Amino acid sequence: MACPAGDVLALATMTRNTALQEHPSLPDLLSGRSIVLVGLMGAGKTSIGRRLAARLGMPFRDADDEIERAAGCTIPEIFARFGEPYFRDGERRVIRRLLQGPPAVIAFGGGAFMDAETRAVARQSAVSIWLRCSLRTLVRRVSARDNRPLLAGGDHEATLSRLMGIRYPIYAEADVIVDCGDESPETTTSDVVSALQAWTPPNRLTVTLSTTQYDVVIGPGLLDRAGALLAPVLPQKRAIIVTDKTVARLHLDRLLAGLAQTGFATHTVVVEGGEATKSVETWSNVVDQMLEQRVERRTAVLALGGGVVGDLAGFAAAATLRGLPFVQIPTTLLAQVDSSVGGKTAVNTKWGKNLLGAFYQPRMVLADMDTLATLPARELRAGYAEIAKAGLIGDAAFFDWCEANGRAVVGGDRDAQAEAVRRACAFKAAVVGDDEREEKPNDGRALLNLGHTFGHALEAEYGYDGGLLHGEAVGVGLGLAFKLSVRLGHCEQADADRVVSHVAACGMAADLRMLNRRFSAGTLIGHMRRDKKVRDGALTFVLARGIGQAFTSADVPVEAVAELLRDEGCEV
Ligand SMILES: NC(=O)c1ccc[n+]([C@@H]2O[C@H](COP(=O)([O-])OP(=O)(O)OC[C@H]3O[C@@H](n4cnc5c(N)ncnc54)[C@H](O)[C@@H]3O)[C@@H](O)[C@H]2O)c1
């Protein structure tokens, strides 16, 4: 058979499968996308692909057929005459062309998905399905055939086993995995249709900054798919996981399994947990353990935990070897909506909280909603304060949503939680995108500190001993910020009342009296003066002209703050 050389492999032609039978409806999210079948030789990509295309009323393309047609000779001939690199090059171009065409069911050749560029194109325009088979099934299916160049003349079982070792970790990056055994092709096709119908891609939200951008991925089951989600954004399948003891017990195994599926090598560093863990000593210890593992510039650091772990691991990643790729995997509501997004990392010093750190953006944030199921109710409520804060700063409609749904969020309603995380992250992403390093003289990223000047003072007063959580302090601070705004003539009393009653309705202390502790106005103001948000020595507050209309103010008279605190029951 003639086998013209040159660029002929790029000339993909199309075969249309018109044997329409039934058209099961697929989720809207799939419309306009091709479906790509991957797997080893013998997995059934062509036979399942044809059936799937017929059932869905889509055209079917077999990438290998397209290549042979374009080349005018068989794949074994291309291998024999020009070698594998030449074949892979043509295969890449043919597949790109197919994926750029109208939606189709496309059976990939066994090695096609191994190409990073092809995987990237497939992620853009298709849903990939891995037909996963056991070695026994594959050996049985291919033993009758001898036209596979990679099997030519060898021991089928040994060759397939070797290929499985190399390819399965990459196939596992597919969007959907369907296990296939000795069932009939019709049954496997039905399994594929069901898997497609059940598939919901996680919600992705892009944080766009001047020098980088990254996705916040939100959804259930993300730890189990961590390897597939992270592989495209990390330079190396090697990672140091930093987590705390509690989270390690609850969620580490799932993350390790999700990473191992795509061949990640991991080492875990477990820290104690709690605010005291955010110390220079622990940070230095974490860095030591990473260096002991001989991390390279391409080794990733994954923070699995709440804001404490995220801040600590983020700063360790920022400093080690002058910056390792970093990923946030937040497991508290507070970390999912606030600390994991925006790139602030830090540890505490004897001079105060978060005083040693760096702006260091993650490559990705994986907010797995399933992790919230184990979070104590108190931590859930504390995280919720940061969600309500987002609405109060700049999205009145979102605060309306919070008033209607906040109790469901703190009550554990998974859908409400996912929506709250999505909206709060979108808000934070927009603010951070506009002022990444909090450099704007007014408003900008500093707006995210609504309620925080009061909140930080309260945290300092409690000594970060767990008696008052960060989010709880912010909850009280939100009401105080609005009351101060009323006092200074910026805002209606009714707005402050709404804030206080919403915080209380969600089960948090909404004012100082509810904290059952006596405070001194002078001491609290002293803490405020030491806050790192102090500019040129003046007290800086985020105030509001109403719900969703926050602004920064650097000239709040200390007397007004003192009077408010006195009226709220503080000692003089
Ligand atoms: N970097 C930022 O932009 C930013 C923003 C806000 C807050 N922060 C920081 O975040 C920290 C507070 O974060 P946090 O509230 O997440 O506290 P945290 O990290 O201490 O977590 C709270 C507790 O919950 C446990 N936990 C975590 N996930 C769990 C889960 N899924 N199930 C059960 N238990 C779980 C932890 O072990 C811990 O005991 C503070 O240090 C604060 O300064 C940083």
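What percentage of the 572 residues in the chain is made up of buried residues? In this predicted model, buried residues make up 46% of the chain. The secondary structure comes to 21 helices and 16 strands, and the C-alpha trace spans about 95 × 50 × 40 Å along its principal axes. Of the contacts in the chain with a separation of 6 or more, 77% are accounted for by residues 24 or more positions apart.

Strands of a sheet pair through backbone hydrogen bonds, either parallel or antiparallel.

Trp130 has Ile177 in strand 5 as its bridge partner.

Another open sheet is formed by seven strands in the order 6-7-14-11-10-8-9, and here the pairing is mixed. Strand 6 (203-208) and strand 9 (265-271) stand at the edges with a single partner strand each, so one side of each is left without a neighbour in the sheet. Neighbouring strands of this sheet are turned by 20° against each other on average, again with direction ignored.

Strand 10, residues 300-305, pairs with strand 11 in the parallel sense over five bridges, and the bridge partner of Ala303 in strand 11 is Gln328. Two helices that pack on this sheet are set out in the table below.

| Helix | Strands touched | Angle between directions |
|---|---|---|
| Helix 12 | strand 8 (238-244), strand 9, strand 10 and strand 11 | about 170° with strand 10 |
| Helix 16 (residues 414-434) | strand 6, strand 7 (213-219) and strand 14 (364-368) | about 15° with strand 6 |

## Around the ligand

Which residues are the closest to the ligand? Among the 29 residues that surround the ligand, the closest are Gly306, Gly307, Val308, Thr332 and Ser339. The elements that give two or more residues to this shell are helix 10 (245-260), helix 12 (307-319), helix 13 (333-339) and strand 13 (352-359). By class, the shell around the ligand holds seven nonpolar, 14 polar and eight charged residues.

Helix 10 is also the place of Leu259. Is Leu259 buried or exposed? Leu259 has 25 other C-beta atoms within 10 Å and is therefore buried, the cut-off for a buried residue being 20 or more. Leaving aside its neighbours within four places in sequence, Leu259 is in contact with Ala226, Gly227, Ala239, Phe264 and Thr266. The C-alpha atom of Leu259 is separated by 32 Å from that of Glu186, a residue 73 residues apart from it along the chain.

## Helix 18 and helix 19

Two packed helices are described by the angle between their axes and the distance between the axes. The axes of helix 18 (residues 470-487) and helix 19 (residues 493-505) come within 9 Å and cross at roughly 170°, and the two helices are therefore roughly antiparallel to each other. Helix 18 makes the contact with Gly475, Leu478, Gly479, Phe482, Lys483 and Val486, while helix 19 contributes Gln493, Asp495, Ala496, Val499, Val500 and Val503. The residues of this contact divide into seven nonpolar, three polar and two charged.

## Two residues with positive phi

Arg322, which is not a glycine, has a positive phi near 65°. Arg322 is found in the loop between helix 12 and strand 11 (326-330), and it counts as exposed because it has 7 C-beta neighbours inside 10 Å. Tyr464 also has a positive phi although it is not a glycine, with a value of about 50°. The place of Tyr464 is in the loop between helix 17 (452-462) and helix 18, and with 17 C-beta neighbours inside 10 Å, Tyr464 counts as partly exposed.

Notes: Residues numbered from 1 in each chain as written. Predicted model: local features only at pLDDT ≥ 70, side-chain atom pairs only at ≥ 80, totals over all residues. Near = placed C-beta within 6 Å. Helix = DSSP H or I, 4+ residues; strand = E, 2+ residues; numbered from the N terminus. Nonpolar A, V, L, I, M, F, W, Y, C, P; charged D, E, K, R; others polar. Pairing = 2+ DSSP bridges. Axes fitted to C-alpha atoms, helices over the stretch in contact; angles between N-to-C directions. Parallel < 35°, antiparallel > 145°, perpendicular 65-115°, else oblique. Contact = placed C-beta atoms within 7 Å. Buried ≥ 20, exposed ≤ 12 C-beta atoms within 10 Å, placed from the backbone.
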